[in-house]
Amino acid sequence: MTTPGTHGPHDGPAQRWLGEHCADLGRCLAELRSLAPWIDGRAAHLAEVLRGGGRLLAAGNGGSAAEAQHLTAELVGRFRDERVPLSAISLHAETSSLTAIVNDYGVDEMFARQVAAHGRRGDVLVLLSTSGESANVVSAARRAKTLGIAVWALTGPGPSTLGAVSDEVLRCPGDSTAAIQEMHLVAVHALCAAVDEHFDPAHAPARLRTSAPRATAPHRSTAHGHPEGAPVVTVVGDVVLDRDVDGQVTRFSPDGPVPVVDTVDVRQSPGGAGLTAILCAQEVPTRLVAPIGTDGAALDLVRLLDKHVELFALPQEGATRRKTRVRSAGRTLVRVDDGGPARPGPVDASDVRRAFDGSDVVLVSDYGAGVTYDGPVRGAVLDVVGTVPVVWDPHPRGGPPVAGATLATPNLAEALTAASALELEIDSDDVGGLCQALCHTWDVDNVCVTVGERGAFLAGRDGDPLYISARSVTGDACGAGDRFAATAAVALARGASVREAVLRAVGAASGWVEAGGADGFRRRDTTHDRATDAGRGSGPGATSVARLAARLHAEGTLVATGGCFDVLHAGHVATLEAASRLGDQLVVLLNSDESVRRLKGPRRPVVPQGDRARLLGALDCVAHVLVFDDDDPTALLEELRPDVWAKGGDYVEDDLKESDVVRRHGGRVVILPYLEGRSTTAILERSGARAGQDAVVPSRAPVPATVPHPSKETSP
């Protein structure tokens with residue numbers, strides 16, 4: 001037999017090929033051994049993912065498909081050592097799905113769509129390609145990256161497109177496709193052997209254990225709790241402050257035949273593009289580019305939005321629009337709008353463009369206040385067309401979608417209004433034709449017209465319109481358009497097709513209506529806060545306090561006072577009324593529940609801080625209530641810098657820690673007399689004595705330790 005690498009005079013084709021191939025393999029195996037540390041590192045990471053209940057996905061074409069399937073088989077079964085089965089799926093092996101996807105979406109989507117279906121954040125996708133240029137595996141890698149899935153590539157020795165878009169690349173040596181594929185198989189076996197060493201019967205994945213919670217794949221977090229690498233949605237539009245007044249109607253007014261609403265609870269939260277941005281932020285990192293005013297309602301908006309989104313505040317001219325809905329028994333009795341009209345102020349175009357840096361989708365949520373008119377904001381959106389998908393949710397009073405936008409999402413009324421303004425000759429019953437007409441006239445890629453409970457019609461520049469039916473649901477449709485647009489934008493950011501994004505959006509909008517619409521969302525979500533009026537919130541950050549102080553100082557003399565105000569009584573009211581007469585605006589600095597407990601003992605406060613803030617804010621003499629957690633309000637006073645600091649007569653001026661802070665900033669301290677015979681301590685002592693007398697009566701039921709707040713579980 002001829003020595004490998006040499007040829008005898010009578011060697012056949014197979015002998016010659018084997019000689020050359022074995023020589024190539026010998027060189028490749030020696031080089032592959034130097035890559036063992038890379039394989040060990042990936043095996044440790046993969047074992048951690050699989051132990052945490054994660055999954056491995058694998059795919060390839062031709063011989064690479066066979067090797068990918070070999071990898072998943074060894075993990076689901078076993079390679080060498082006995083261990084639990086591990087979750088691994090070969091995407092090319094699911095022939096029914098594969099052929100359906102190719103038929104409906106094309107070859108490039110054959111793996112990418114399965115990645116979107118089966119993959120979860122923190123999973124691992126292994127792609128094998130000797131050339132590294134196969135379009136379907138490259139598409140799968142890109143889709144996985146948008147979903148937070150780690151992408152590992154096994155390629156040939158040179159640079160490749162697949163290698164460039166992957167997180168980790170093992171470039172296997174080899175002068176031929178056959179040699180590279182065999183090196184891939186050796187690497188797969190080495191990976192499986194290393195994974196086996198990380199498992200024994202005690203190392204079962206979390207999903208197979210009953211005594212431990214599911215672990216989370218390791219990742220670094222970013223602002224607002226989203227993992228690093230998640231797609232970013234930028235929302236552009238007009239914001240409003242939504243206020244919901246819940247009450248009870250038990251009588252009619254003697255002044256006229258109108259119901260009297262006894263207020264039970266008041267909530268406020270961002271509306272308009274603010275609501276859209278918060279809905280996006282529940283799933284992906286979100287920025288909001290919007291004009292923001294300088295009045296009290298704007299300060300509340302900033303405070304509420306900062307909890308969820310990265311805010312790029314543009315200048316605004318005019319007051320903040322507020323929409324107040326008064327409800328009783330779950331029904332809206334009246335909506336009262338105030339503030340506005342407002343319009344965007346002048347802004348440098350380069351500043352707006354910087355707000356779009358790093359965006360994966362731009363969503364324009366137009367509420368007709370001017371942000372989409374010709375100008376720097378519209379120009380910045382136009383600049384990103386063709387670079388990232390642009391979703392445009394139009395408004396009859398706003399500008400038309402920019403040319404080249406990916407998807408416009410008017411409702412039927414908005415679409416008919418636009419068609420009339422554009423003098424389009426359409427049949428109002430032909431919604432699909434309406435979509436196509438607007439698509440060509442606006443020069444956008446796709447138009448989706450929502451038709452309420454019936455669903456939506458989608459049409460592109462070419463082809464027949466698509467009708468997507470919706471589930472039959474009943475409920476409050478307020479905000480359904482925002483839910484629709486937000487869902488579509490997030491889906492596109494994660495790599496979905498327009499058709500898939502619209503399908504998800506229709507389903508999400510139906511669920512939104514069924515769950516009670518915007519009001520139901522605000523009741524479930526912590527975005528809102530409770531306050532008796534706009535600007536009467538609690539617990540703002542230093543930036544909000546500084547803005548509030550600047551505005552109040554501009555309006556006149558700012559007076560501040562502070563205290564626990566537990567069990568509000570006539571003495572408190574007299575002090576507050578006197579303090580308000582010392583200037584133009586009175587701000588009350590209120591000790592939080594924790595602060596009161598530290599100062600007065602574990603049985604105090606009797607009334608929780610939310611109720612105390614609401615009672616104080618309901619007084620005409622009080623403009624704002626700010627809650628603080630420290631033992632004294634000096635930190636707040638450093639920001640607020642009142643002109644006058646007023647305290648009740650049971651305090652001595654020289655003993656007040658806050659006096660020095662107030663004087664240092666040019667303010668003065670005023671001690672106010674208190675109403676004789678009124679004190680919280682006396683009231684509680686009398687209440688305690690009475691409770692003790694009542695306790696000896698056998699027929700009395702036990703007094704509960706706590707009484708639910710009427711705005712929570714017991715609210716109507």
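Author: What follows starts with the whole chain and then turns to one helix pair. The model is a predicted one. The protein chain has 24 helices and 25 strands. Of its 716 residues, 49% are buried. Its accessible surface is about 33,000 Å², and carbon and sulfur atoms hold 51% of that area. Among contacts in the chain with a separation of 6 or more, 69% join residues 24 or more positions apart.

The crossing of α1 past α8 is right-handed. On the α1 side, the contact is made by W17, H21, D24, L25, C28, L29 and L32. On the α8 side, A178, A179, E182, M183, V186 and A187 take part.

C28, one of the contact residues of α1, has a relative accessibility of 2%, so C28 counts as buried. C22 has 38% relative accessibility and therefore counts as partly exposed. As for bonding, the closest cysteine sulfur to that of C28 belongs to C172, 8.8 Å away. A disulfide needs the two sulfur atoms within 2.5 Å, so the sulfurs of C28 and C172 are too far apart for a bond. A search of the whole structure likewise finds zero disulfides.

How values were computed:
Residues numbered from 1 in each chain as written. Predicted model: local features only at pLDDT ≥ 70, side-chain atom pairs only at ≥ 80, totals over all residues. Heavy atoms only, no water. Buried < 20%, exposed > 50% of the residue type's maximum accessible area, 1.4 Å probe, protein only. Helix = DSSP H or I, 4+ residues; strand = E, 2+ residues; numbered from the N terminus. Contact = heavy atoms within 4.5 Å. Areas by Shrake-Rupley, 256 points an atom, 1.4 Å probe, with all protein chains shown as cover. Left-handed = near helix turned anticlockwise from the far one by under 90°.
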